[in-house]
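Notebook open, model loaded. I wanted to jot down what I looked up, in the order I looked.

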Amino acid sequence: MVVLSSLATTCALCIDRKRFRREFASLDETLYEVFPYLAVIGTVLMFKGVVHEPSVQFSRALNWDITAEIYAIEGLFVAYVQDLTPEVLVPVFSGFYMFGFTYLLIAPILVYFLTSTVRPLKELLVAYSLNYLVGITFYTLFVAYGPRLYLGSRVEGSMYALFPETQTLTQAVSANTNVFPSLHASLSIIVLLFAWQTRDRHSRWLAIASVVATSVVLSTMILGIHWLTDVVAGVVLAVVCVLGADRIVSAIDGGEHRSAFDHETDGATSTRSDD
């Protein structure tokens, strides 16, 4: 309910009603154009679910544990972050980690689809797919335990202490050795990069995405789930996936490559649809 109400509010704030009514008739054409990309991300997510258990078993059998190396790089950084975070904010960041992250992945798909911003939507779906495929590969090859497990009492698993039921949910989709890189961080940064690309058309969405993405990234460390190293690796992965998505979509549809930090240009960037 939290995610659904947030999505509805975002659509109301970020989509110009007149423009939406004008383009509503073409939504079926938009769906037809992006359907192959939706099929790809759907297939990747199904593949992720199917290989989850075998991947965890193979990873533990291979036992390339890099946790000690991560700790050698950054030491007690996450512990210091927790020490500096007021206790009253822990439930807030827990909410961002669990619900804000889900909202952040879905919201840009709706915003771009409902405003016929087709190129960014295609690239976003490809970037998601690349991100998950790379994540599956790393999680299969490497064992890495998060700070709350490796550092014991020095780092608290705050979210699981406050909301024990969340541990059951997260264990269903991820193992406790799947922390490098942080996919919460990488996917959040992917969304933020696309929000930056489309800032002329969706300035309000950029503001919302900036707050939520930043909060999700910070929550991964504040809650003791990821190391700073995981987050940095996730940011690098996000940039690579966005650049790769641009090249892939350009190769399929034709068109020029552009930087992940360029404006989105499809002939309508001078019009702010959410102002």
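**Ground rules.** I am working from a predicted model, where local features need pLDDT of at least 70, side-chain atom pairs count only at pLDDT 80 or more, and totals for chains, interfaces and linings use all residues. Residues are numbered from 1 along each chain as its sequence is written, and side-chain values use heavy atoms, with hydrogens and water left out.

**Fold.** I started with secondary structure and found 13 helices and zero strands in the chain. Helices here (H or I, at least four residues) and strands (E, at least two) are DSSP runs, numbered from the N terminus. Along the sequence I read the pattern as α-α-α-α-α-α-α-α-α-α-α-α-α. Then I checked burial: of the 275 residues in the chain, 51% are buried. My cut-offs are under 20% relative accessible area for buried, over 50% for exposed, and partly exposed in between, with a 1.4 Å probe and protein chains only.

**Helix 7 against helix 13.** Two packed helices are described by the angle between their axes and the distance between the axes. I looked at helix 7 (residues 118-141) and helix 13 (residues 228-253), whose axes come within 8 Å and cross at roughly 125 degrees. That angle makes helix 7 oblique to helix 13. For the record, angles under 35 degrees count as roughly parallel, over 145 as roughly antiparallel, 65 to 115 as roughly perpendicular, and the rest as oblique. The axes are lines fitted to C-alpha atoms, for helices over the stretch in contact, and angles run from 0 to 180 degrees between N-to-C directions. I noted the crossing of helix 7 past helix 13 as right-handed. A crossing gets that label if the near helix is turned clockwise from the far one by less than a right angle, and left-handed if anticlockwise.

**Salt bridges.** How many salt bridges does the structure hold? I got five, counting a side-chain nitrogen of Lys or Arg within 4 Å of a carboxyl oxygen of Asp or Glu.

- D246 and R119 meet through their side chains at 2.9 Å, N to O. This pair links distant parts of the chain, with D246 in helix 13 and R119 in helix 7, 127 residues apart. Both D246 and R119 are buried.
- E33 pairs with K122, the closest N and O atoms being 2.9 Å apart. E33 lies in helix 3 and K122 in helix 7, so the pair ties together parts that are 89 residues apart in sequence. E33 is partly exposed at 38% relative accessible area, while K122 is buried at 4%.
- K122 also bridges to D253, with 2.5 Å between the closest N and O atoms. Here K122 in helix 7 and D253 in helix 13 are 131 residues apart. D253 counts as partly exposed, with 39% relative accessibility.

Through shared partners, salt bridges join E33, K122 and D253 into one network.

**Surface of helix 3.** Which residues make the nonpolar surface patch of about 270 Å²? I found L31, F35 and L38. F35 lies in helix 3 (residues 27-62) and is exposed, with a relative accessible area of 51%. Patches are made of residues with over 30% relative accessible area and no salt bridge, like charges being joined within 9 Å and nonpolar side chains (Val, Leu, Ile, Met, Phe, Trp, Tyr) within 5 Å. Areas come from the Shrake-Rupley method with a 1.4 Å probe, and for residues only the protein chains shown count as cover.

I flagged a cis peptide bond between F180 and P181, with omega about -5 degrees. P181 sits in the loop between helix 10 (165-173) and helix 11 (183-197). N63 is in the loop between helix 3 and helix 4 (67-74).

**Two distance checks.** I took V232, which is in helix 13 and partly exposed at 46% relative accessible area. Its C-alpha lies 9.7 Å from that of F180, 52 residues apart along the chain. Next I took V81, in helix 5 (residues 77-84), buried with a relative accessible area of 19%.
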